[in-house]
Protein chains: 2
Amino acid sequence: MGLIVQKFGGTSVGSAEKIQNAANRAIAEKKQGHQVVVVVSAMGKSTDSLVSLAKQITAQPSKREMDMLLATGEQVTISLLSMALQEQGYDAVSYTGWQAGIRTEHVHGNARITDINTSAVEDQLSEGKIVVVAGFQGMTEEGQITTLGRGGSDTTAVALAAALKADKCDIYTDVPGVFTTDPRYVKSARKLSGISYDEMLELANLGAGVLHPRAVEFAKNYLVPLEVRSSTETEAGTLIEEEPSMEQNLIVRGIAFEDQITRVTVSGLANGLTTLSTIFTALAKRNINVDIIIQTAAGDNKTGISFSVKSEDTDNTVAVLDEYKDALKFDQIETESKLAKVSIVGSGMVSNPGVAAEMFAVLAKKNIQVKMVSTSEIKVSTVISENDMVKAVEALHDAFELSKQASVV
Amino acid sequence: MGLIVQKFGGTSVGSAEKIQNAANRAIAEKKQGHQVVVVVSAMGKSTDSLVSLAKQITAQPSKREMDMLLATGEQVTISLLSMALQEQGYDAVSYTGWQAGIRTEHVHGNARITDINTSAVEDQLSEGKIVVVAGFQGMTEEGQITTLGRGGSDTTAVALAAALKADKCDIYTDVPGVFTTDPRYVKSARKLSGISYDEMLELANLGAGVLHPRAVEFAKNYLVPLEVRSSTETEAGTLIEEEPSMEQNLIVRGIAFEDQITRVTVSGLANGLTTLSTIFTALAKRNINVDIIIQTAAGDNKTGISFSVKSEDTDNTVAVLDEYKDALKFDQIETESKLAKVSIVGSGMVSNPGVAAEMFAVLAKKNIQVKMVSTSEIKVSTVISENDMVKAVEALHDAFELSKQASVV
């Protein structure tokens, strides 16, 4: 007998029928003799409805009150899922974040979990109940309701699994697992049976969108075995663990990509000690996420810098730089939009120095110009034209043979 | 400077615009220098939507999970109202029932408040904030979310006012106050400027519908001055207090009435000691509310009984009696539906023994047959044909001169 934490996202509990389906998943594990904790998000588009209610009242809702408002979304789901379980004759009990002992720091809208007091949940489990917990929310020491920000329900599930020392945490979603690349773009994309935490972290950060990076990081730190799987199909999903037991020989595990990237180039910058920190502190303060950063050498007292941002942030970025024109003394700002980032990820790269070179060769062969490059131990990212994105991903997927099932060592 | 508790019901917070309006009411008191606590219900029909979601899952939702579900309704309103107050530059903070220290007994769906720990609310008030509290809900000692049942938000407001020793509790609603009778039926109905707790209690129990009897009882026990007033108009409403300072000379303060009453007559009952308790215990167990009860004498060992129920309960009532036929040994059950109850209420009756006789005379003059009578110190109720209801109310309203403003003593 084990303890299993299941997590169902908004689309997997978006209707009464889907809630019944989630209940069936929980019951299936219960019937196997496991203890079951289910973590759920708000139903489908209900968060959007709540946000639009708030917008009717004010353009700038306070974060505390937004947390109060949004936390009702998961509370609705937990009660309905518990009813569905009870309707089928299973003992179930719903817990809000605070009832489940999920303690967070005192930050609204994006709080981090600081501690989980699992005693209430454990008591209910030991009585044989299926415990249904509201994801995405917690409570501060002072009794304030907080929410965990994007990917919050994933984080709740993994954190609860870690605190309860669960044997497994299953993330049910609307895709059947983690793919070598996005199957909506590349037909030969293949579902991976296993992937390491680090690889998943790179893919998650690179916008693969299946699982939130915070949750993966949490799972990595506490070694919680995760499985991403379909909420509608019964086949196995993708297992995320320290070292994937299968497919160890793959150098490249997957290819992530995203479009709507803009490159910002600032030239003729004063080459002072504080230049970089001035620029990126100012951008961070305005919540502009800078991704790849490249410094370009120039004359004696001058330097240049290129960095990539989301295209939607382009205007804000330029405005912030203009504000600091006096301090930075730059000559000009150039922006190039309609770019895309394509990245190959795989822990096998660490011991294979030629992988980046191979990637550039594949792109060159397809006449694709690389505009920016960034590397880590287990990934190589390139920025190219948006028009070349799918072509590049397909060529790389072929070249690194990702559509082939790897041999088991 | 005083402390004022305001309560807005579902229709008074049913849209963003109405929430803005409620905010303006709170701000008006704040500007007068008062401390302000606002208690709100769920928005308009949102409770109905939640109930219908539950019905899609199960026909018999558990009461604990229904409380979990329904409690989200007020939580949405408190956050939105706080945002509306903040939007206008006022410091406001929302509290759920449990955050506001509202402790209840461990009963789901219809819990009674056992205690209120006001320290959190008082701290916020002393910081100059407007405190917005979710009505209708509380928490048990074990941390379970409970709801207070019908009229729950009225009860929350009055209980909070009592616990905070508020100077006043204003109940904002969609009518401008308490009327001598229902103005939808009787054109000459007049808004009362004052009424006593006991009179209001009789009117509330008799279905006047403005204020829940539980809340009135609470207000009476703790001597909380209540005012029922319009959420859309600025005129004064009706003040409910121990002895109304105005209109003391009125013998009859108001006329309440309700239709869809059924009279059930059981004849030839065994005249045993336990007959009455058997019947009414059995009906109570099935949640059938019996109103007027009349025992009719008959032969030596036999007795008869007549009582009134809501017409919707008629079939259930007969079914319950049939179940106990062996114990009760009655001859037959007769039911008469399409009846109405018309009651005159006024604390002046205590010292005016002729009031009931006057009532009967008025009805007789209009050829209205009285089928049942019930009296208390401050009311006389009659059951008559549904078709005669409005005619009776109009005649009584005229006869007792309720449309005239009383002289101030």
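**Close-up views of a predicted two-chain model**

Over all chains, the structure holds 38 salt bridges.

**Figure 1. A salt bridge between two strands of chain A.** The side chains of Asp170(A) and Arg229(A) form a salt bridge, with 4.0 Å from N to O. Asp170(A) belongs to strand E9 (residues 168–173) and Arg229(A) to strand E11 (residues 226–230) of chain A, so the pair ties together parts that lie 59 residues apart in sequence. Asp170(A) counts as buried because its relative accessibility is 0%; Arg229(A), at 11%, counts as buried as well.

Figure 2. In chain B, Arg184(B) and Asp182(B) meet through their side chains at 2.8 Å, N to O, in a salt bridge. Arg184(B) is exposed, with a relative accessible area of 72%, whereas Asp182(B) is buried at 19%. In chain A, salt bridges that share partners join Lys168(A), Asp170(A), Glu227(A) and Arg229(A) into one network. A further salt bridge links the side chains of Lys391(A) and Asp388(A) at 3.7 Å, N to O. Here Lys391(A) is partly exposed, with a relative accessible area of 38%, while Asp388(A) is buried, with 16%.

**Figure 3. The contact between chain A and chain B.** Each side is represented by 41 residues from chain A and 41 residues from chain B. About 3,100 Å² is buried between the two chains, and carbon and sulfur atoms give 65% of this area. On the side of chain A, Ile57(A), Glu65(A) and Met83(A) lose the most area to chain B, together 22% of what that side buries. Between the chains there are zero salt bridges, but 14 residue pairs are in polar contact. Helices H1 (16–31), H2 (46–57) and H3 (63–87) and strand E3 (92–95) of chain A each give two or more residues to this side; H3(A) gives the most, with 17 residues.

**Figure 4. Surroundings of Ser79(B).** Ser79(B) is part of helix H3 (residues 63–87) of chain B and counts as buried, at 0% relative accessibility. Beyond residues up to four places away in sequence, Ser79(B) touches Glu65(A), Met68(A), Leu69(A) and Ser94(B).

**Figure 5. The largest nonpolar core.** This core has 73 residues, and those with the most contacts inside it are Leu80, Leu81 and Leu85 of chain A and Leu80, Leu81 and Leu85 of chain B. Neighbours within four places in sequence aside, Leu85(A) contacts residues including Ala23(A), Ile27(A), Tyr90(A) and Val132(A).

**Figure 6. The domains of chain A.** Chain A is divided into domain 1 (3–174) and domain 2 (255–399). Their centres, taken over C-alpha atoms, are 37 Å apart.

Conventions:
Residues are numbered from 1 along each chain as its sequence is written. Chains are lettered from A and ligands numbered from 1 in the order in which they are written. This is a predicted model: local features need pLDDT of at least 70, side-chain atom pairs count only at pLDDT 80 or more; totals for chains, interfaces and linings use all residues. Side-chain values use heavy atoms; hydrogens and water are left out. A nonpolar core is a set of buried Ala, Val, Leu, Ile, Met, Phe, Trp, Tyr and Cys residues joined through side-chain atoms within 4.5 Å. Buried means under 20% relative accessible area, exposed over 50%, partly exposed in between (1.4 Å probe, protein chains only). Contact means heavy atoms within 4.5 Å. Domain bounds come from an automatic or database domain assignment. Buried area is the accessible area (1.4 Å probe) that two parts lose on being put together, summed over both. A polar contact is a pair of N or O atoms within 3.5 Å; within protein, one must be able to donate a hydrogen and the other to accept it, and residues adjacent in sequence count only if both atoms are side-chain atoms. Helices (H or I, at least four residues) and strands (E, at least two) are DSSP runs, numbered from the N terminus.
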